[in-house]
Amino acid sequence: MQSNITFQPTTSFLIKGDISGIQSFIFNVNSKLAAQSLKGRSFFIKILLELGMQMIFDKYTITEGAVQTKAKVSTSGGNFILLLDLPSQNHIDEVQEILNKALQFTGLNMLLAYVPMGQNYGESLKELNQKIRERKYNLLQGKNEFFEPFERSFTSTINDNNKWVKVTDQLKKVTHFSIQKSGAKMTNGVLSIEGNQMKLGGYTIHFGNEGILLNKYLESFFPVPTTFEMLAQDKTIKGIQKLGVLAMDVDNLGVTLEAVKSIEAHRAFDLRLQQFFNDKLRKIIRMPDFQNKIYVVTAGGDDSYFVGKWNVLLELAIEIKKNFLVDFPEPELTISAALVIVDINFPVVRFAAMADDAIKDAKYKHQGHKGNISLFGEVLDWEIMEKEIIQLRNSFNSITNSGLFTSGLLTKARLTSLKIAQGEGIQLSDFWKLGYYMRKFQGNGSKILNQYNSYLTKATTETNPVRKKTYKLIFAVAARLAEFDKRRN
């Protein structure tokens with residue numbers, strides 16, 4: 001008897017989901033509600049990755065358990081990669097249409113790309129990443145085939161900061177969340193937030209005490225201060241009451257991943273990233289110097305953001321960088337940072353954009369020389385910052401605290417050193433002027449000047465453009481930090 005059952009041949013596909021528009025989505029908040037709503041928005045990014053994967057699994061009726069776990073290659077850095085044996089790619093395109101519709105008014109996009117898995121995993125991964133880049137380019141060019149009119153009310157609902165404050169409140173109250181298909185069809189499937197639920201694309205994200213542990217998706221606990229103003233005005237920490245936003249980004253991450261030889265190696269590397277930007281970062285944030293002083297907006301392999309008092313963030317950046325280089329000794333992997341310092345009431349959306357521009361400078365301003373820190377609008381070498389600038393800053397602080405040197409003289413000395421650093425050569429008159437300002441340092445003044453002269457000499461022979469510039473700026477940056485240390489407002 002002939003069977004009526006037909007079997008479709010399957011093909012192994014590599015599938016990538018990549019979220020764009022993250023920074024503008026997270027930081028597009030009213031400054032007065034920023035601390036209360038940012039965590040809810042950043043959490044949504046991570047849940048969106050889980051939701052995208054779940055949509056694909058459901059379309060192909062891939063049940064929970066070992067199959068789904070085995071299918072996940074990586075789930076960090078604002079994207080996921082799956083390896084699935086599928087009869088066709090049609091359902092992936094259907095998921096893309098649902099996501100396009102659901103996210104249209106959020107400012108976010110999740111782009112899906114897929115390629116058949118070839119014999120060489122690295123080459124297949126490169127092809128997959130190229131597909132994603134092509135889709136992003138088409139999106140920027142306005143070549144999106146799925147546009148439909150929506151009611152204006154949906155826009156206001158999604159961008160309502162009070163809604164995201166409620167999401168953050170839920171994260172504080174519960175221990176778990178779950179993702180389930182919605183029982184009733186939602187109008188247009190766009191994002192809605194009500195009570196302890198978020199609905200999107202035919203799915204409901206429920207916050208409660210059963211399901212998936214939240215800890216996996218939250219890099220830090222919530223700080224006791226409930227506003228950014230409270231963080232900046234912490235009088236137990238010395239220095240001017242200014243707010244900082246710290247951006248950090250792993251360099252050459254994409255190139256490193258494309259060089260992996262197997263899926264197993266990719267999974268192992270992704271696990272290391274997750275352990276660092278979740279477990280290790282959690283331990284750092286709980287250190288006495290940082291606990292309840294840092295607000296982690298989001299953290300991952302790329303695009304990590306932290307908010308807090310400016311000097312605490314500088315120490316945090318150095319601590320994260322030290323730990324990262326220990327956990328990731330690969331020579332091609334470095335980490336760049338940018339610290340932007342602003343007034344307490346500066347608009348959140350603006351200082352986020354400034355931090356984004358600054359981190360790009362730290363990574364790309366000097367071609368071929370990544371792994372730097374941007375501070376006061378200058379791209380500086382990490383090692384010189386840690387070993388020389390911080391030490392000189394401490395020297396300035398000890399002398400000004402003794403009363404032998406005023407903040408006004410320090411400012412004059414800084415401006416003179418900045419003029420020297422920005423010039424093509426050293427003007428003897430400027431150096432004499434600097435010596436005049438430093439005269440009250442007594443014996444320390446001549447010592448510092450001699451050291452500064454040696455830095456300028458090193459700058460003339462240094463071939464690395466970042467180190468060359470940093471040697472010239474050591475005095476000016478250290479003096480500026482010391483000025484901020486002394487001031488209260």
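Helix α2 gives the most to the lining of the second largest pocket, with 5 residues. The model is predicted.

**The pocket**

How much space lies in the second largest pocket? About 660 Å³. Its lining counts 27 residues. Glu-50, Gln-54, Gln-68, Lys-72 and Ile-212 lie nearest the centre. Several elements each supply at least two lining residues: α2 (34-59), α3 (66-71), β2 (72-74), β5 (176-181) and α10 (263-285). By class, the lining of this pocket holds 9 nonpolar, 11 polar and 7 charged residues.

**The sheet**

β2 also belongs to an open sheet of 4 strands. The order is β2-β3-β1-β4, and the pairing is antiparallel. Which strands sit at the edges? They are β2 and β4 (109-116), each of which pairs on one side only. On average, neighbouring strands of this sheet are turned by 25° against each other, with direction ignored.

Within the sheet, β1 (residues 11-20) and β3 (residues 79-86) run antiparallel and are joined by 8 bridges. Asp-18 stands opposite Asn-79 in β3.

Two helices pack on the sheet. α2, the helix that gives the most to the pocket lining, touches β1, β2, β3 and β4. Helix α4 (residues 90-102) touches β1, β3 and β4. The table sets out the angle each helix makes with a strand.

| Helix | Strands touched | Angle between directions |
|---|---|---|
| α2 | β1, β2, β3 and β4 | about 10° with β3 |
| α4 | β1, β3 and β4 | about 170° with β4 |

**The helix pair**

Helix α11 (residues 310-327) and helix α17 (residues 465-486) form another contact. Their axes come within 11 Å and cross at roughly 135°.

Which residues meet here? From α11 come Trp-310, Asn-311 and Leu-314. From α17 come Leu-481, Phe-484 and Asp-485. By class, this contact of α11 with α17 has 4 nonpolar, 1 polar and 1 charged residues.

Conventions: Residues numbered from 1 in each chain as written. Predicted model: local features only at pLDDT ≥ 70, side-chain atom pairs only at ≥ 80, totals over all residues. Heavy atoms only, no water. 1 Å grid on protein atoms, 1.4 Å probe; cavity = no way out; pocket = protein on both sides within 12 Å on 5 of 7 lines; lining within 4 Å. Points joined across faces, edges and corners; volume = space filled by probe spheres on them. Nonpolar A, V, L, I, M, F, W, Y, C, P; charged D, E, K, R; others polar. Axes fitted to C-alpha atoms, helices over the stretch in contact; angles between N-to-C directions. Contact = heavy atoms within 4.5 Å. Pairing = 2+ DSSP bridges.
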